[in-house]
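Trainee: Hi, could you walk me through this one? I'd like to begin with the pairing.

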Amino acid sequence: MSGVNYVTKETLEQMRDELSGLKGKGRAEIARAIAEAREKGDLKENAEYDAAKEAQGLHEAKIASLENAIATARVVEADSIDISKVSILCKVTITNVANKKTVTYQLVSETEADLKAGKISVTSPIGKGLLGKVVGDIADVQAPNGNLKFKIDNISV
């Protein structure tokens with residue numbers, strides 16, 4: 001994820017808090033687990049040591065990913081969003097042309113995407129299809145399960 005990562009101020013703060021926790025308390029816990037495993041003897045046949053070292057690698061990868069996300073983050077304020085067309089952080093009410101089902105999604109960055117909360121990524125097929133559309137447009141979306149058409153009903157913040 002080397003491109004710009006558009007986030008809200010709240011999301012950026014959450015990411016910073018999570019990074020701080022991972023670097024502080026998280027690293028300390030893993031170091032303690034490695035030390036405990038090391039005390040148990042031969043490292044060649046010590047599954048607990050191997051598991052702790054693997055956990056350390058995954059932990060460091062998560063730290064690196066968060067650091068990259070924070071470094072590429074650009075904060076977008078709600079009052080600066082143009083709601084004349086669909087863009088990141090807009091809430092879009094759409095109707096599926098085929099089944100007439102209406103849903104509202106907020107378009108967010110990949111790091112904020114949470115379908116249960118109604119937040120979809122701008123890089124998802126639906127997100128890509130909606131970007132730049134205006135109220136009344138029909139968005140033609142190439143989804144994994146086929147071609148979908150959505151009518152843009154409303155755009156808000």
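Trainee: Which residue in β7 is the bridge partner of isoleucine 138?
Mentor: Lysine 151 is the β7 bridge partner of isoleucine 138. Strands here are DSSP runs of E with at least two residues, helices are runs of H or I with at least four, and both are numbered from the N terminus. This is a predicted model, where local features need pLDDT of at least 70, side-chain atom pairs count only at pLDDT 80 or more, and totals for chains, interfaces and linings use all residues. Residues are numbered from 1 along each chain as its sequence is written, and side-chain values use heavy atoms, leaving out hydrogens and water.

Trainee: Got it. What is the bridge partner of glutamine 142 in β7?
Mentor: For glutamine 142 the partner in β7 is asparagine 147. Strands β6 and β7 (residues 146–156) are antiparallel, with six bridges, where pairing takes at least two bridges found by DSSP. A hairpin of two residues takes the chain from β6 to β7.

Trainee: Which other strand has bridges to β7?
Mentor: β3 does, running antiparallel to β7 with six bridges. Asparagine 96, for example, has phenylalanine 150 of β7 as its bridge partner.

Trainee: What order do the strands take in the sheet?
Mentor: The order is β5-β4-β3-β7-β6, giving an open sheet of five strands with mixed pairing. β5 (119–121) and β6 (138–143) are the edge strands, each pairing on one side only. From one strand to the next, the twist averages 45 degrees.

Trainee: Switching to helices: at what angle do the axes of α1 and α2 cross?
Mentor: Helix α1 (residues 9–38) and helix α2 (residues 47–71) cross at roughly 165 degrees, and their axes come within 9 Å. Axes are lines fitted to C-alpha atoms, for helices over the stretch in contact, and angles run from 0 to 180 degrees between N-to-C directions. So α1 is roughly antiparallel to α2 (over 145 degrees; under 35 is roughly parallel, 65 to 115 roughly perpendicular, and the rest oblique).

Trainee: Is the crossing left-handed or right-handed?
Mentor: α1 and α2 make a left-handed crossing, meaning the near helix is turned anticlockwise from the far one by less than a right angle (clockwise would be right-handed).

Trainee: And what kinds of residues are in the contact of α1 with α2?
Mentor: The contact of α1 with α2 has 15 nonpolar, three polar and 10 charged residues. Nonpolar covers Ala, Val, Leu, Ile, Met, Phe, Trp, Tyr, Cys and Pro, charged covers Asp, Glu, Lys and Arg, and the others, Gly among them, are polar.
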